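I record in turn what I looked up.

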Amino acid sequence: MDKKIAHLLEIAIKARENSYSPYSNFAVGAALLCKNGEIYTGANIENVSYGLTNCAERTAIFKAVSEGNRDFDTILVVADTERPVPPCGACRQVILEYGEDIQIVLANLQGEYQQYLIKELLPGAFSRKDMENDF
Ligand code: THU
């Protein structure tokens, strides 16, 4: 495992401890590395009105964007799963918003991981370009 991924994995595993997931009991952690070297963490946050749940990846992204940081290098997501945890469709779309070449690393607690570019995980995605004729 390269050093960058090992570092992000360690941070995401720690962030996962802050998961608020009393309904699913499925804790997820994320670590988002920005191009300027800053790292934002995230955990999933559930709600009694289930649909209001925010995934770990989006927590990290929204923290970064709300701090004025939108230049992303890599996002790593980790959960206690048999295979490296696949991000949900909503998170794929939200990550893609900030660049189709952002690296995404799927991981589990055993340290198994898979690495992709976000565009590989959302082929044919709806994008800004699709709105160009809309005016
Ligand atoms: N979850 C994430 O945080 N990220 C994912 O990519 C998959 C799903 C959360 C949402 C919910 O709190 C729990 O996992 C079960 O779906």
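**Entry 1: the ligand site**

I began with the surroundings of the ligand in this predicted model. I listed Ser-24, Phe-26, Val-28, Asn-44, Glu-46, Thr-53, Cys-55, Ala-56, Glu-57, Pro-86, Pro-87 and Cys-88 around the ligand.

The side chain of Glu-46 places an N or O atom 2.5 Å from an oxygen atom of the ligand. For the side chain of Glu-57 I likewise noted 2.5 Å between an N or O atom and a ligand oxygen. On its own the ligand has 370 Å² of accessible area, and the protein covers 80% of that.

**Entry 2: the chain as a whole**

I counted 4 helices and 5 strands in the protein chain. Read from the N terminus, the order of elements is α-β-β-α-β-α-β-β-α.

I checked the radius of gyration next. The protein chain has 15 Å, which agrees with a compact globule, because 135 residues in such a globule would give a value near 14 Å. Along the principal axes, the C-alpha atoms fill a box of roughly 45 × 40 × 30 Å. I noted that 41% of the 135 residues are buried. The accessible surface of the protein chain is about 7800 Å², and carbon and sulfur atoms account for 49% of it. Of the contacts between residues at least 6 apart in sequence, 58% join residues at least 24 apart.

**Entry 3: the nonpolar cores**

Which residues have the most contacts inside the largest nonpolar core? I found Leu-32, Ile-61, Phe-72, Ile-75, Ile-95, Ile-104 and Ile-118, in a core of 23 residues. At least two residues of this core come from each of strand S1 (28-34), H2, S3, H3, S4 and H4.

Setting aside neighbours within four places in sequence, I recorded contacts from Ile-61 to Leu-32, Phe-72, Ile-75, Val-94, Ile-95 and Tyr-98.

**Entry 4: helix H3**

Which residues of helix H3 (residues 89-96) are buried? I noted Cys-91, Arg-92, Val-94, Ile-95 and Leu-96. I then looked up what covers the buried residues of H3: the cover includes helix H2 (56-66), strand S3 (72-79), strand S4 (103-108) and helix H4 (118-121).

Note on methods: Residues numbered from 1 in each chain as written. Predicted model: local features only at pLDDT ≥ 70, side-chain atom pairs only at ≥ 80, totals over all residues. Heavy atoms only, no water. Buried < 20%, exposed > 50% of the residue type's maximum accessible area, 1.4 Å probe, protein only. Contact = heavy atoms within 4.5 Å. Core = buried A, V, L, I, M, F, W, Y, C linked by side-chain atoms within 4.5 Å. Near = heavy atom within 4 Å. Polar contact = N/O pair within 3.5 Å; in protein donor to acceptor, adjacent residues only side chain to side chain. Areas by Shrake-Rupley, 256 points an atom, 1.4 Å probe, with all protein chains shown as cover. Rg over C-alpha atoms; globule rule 2.2 N^0.38 Å.
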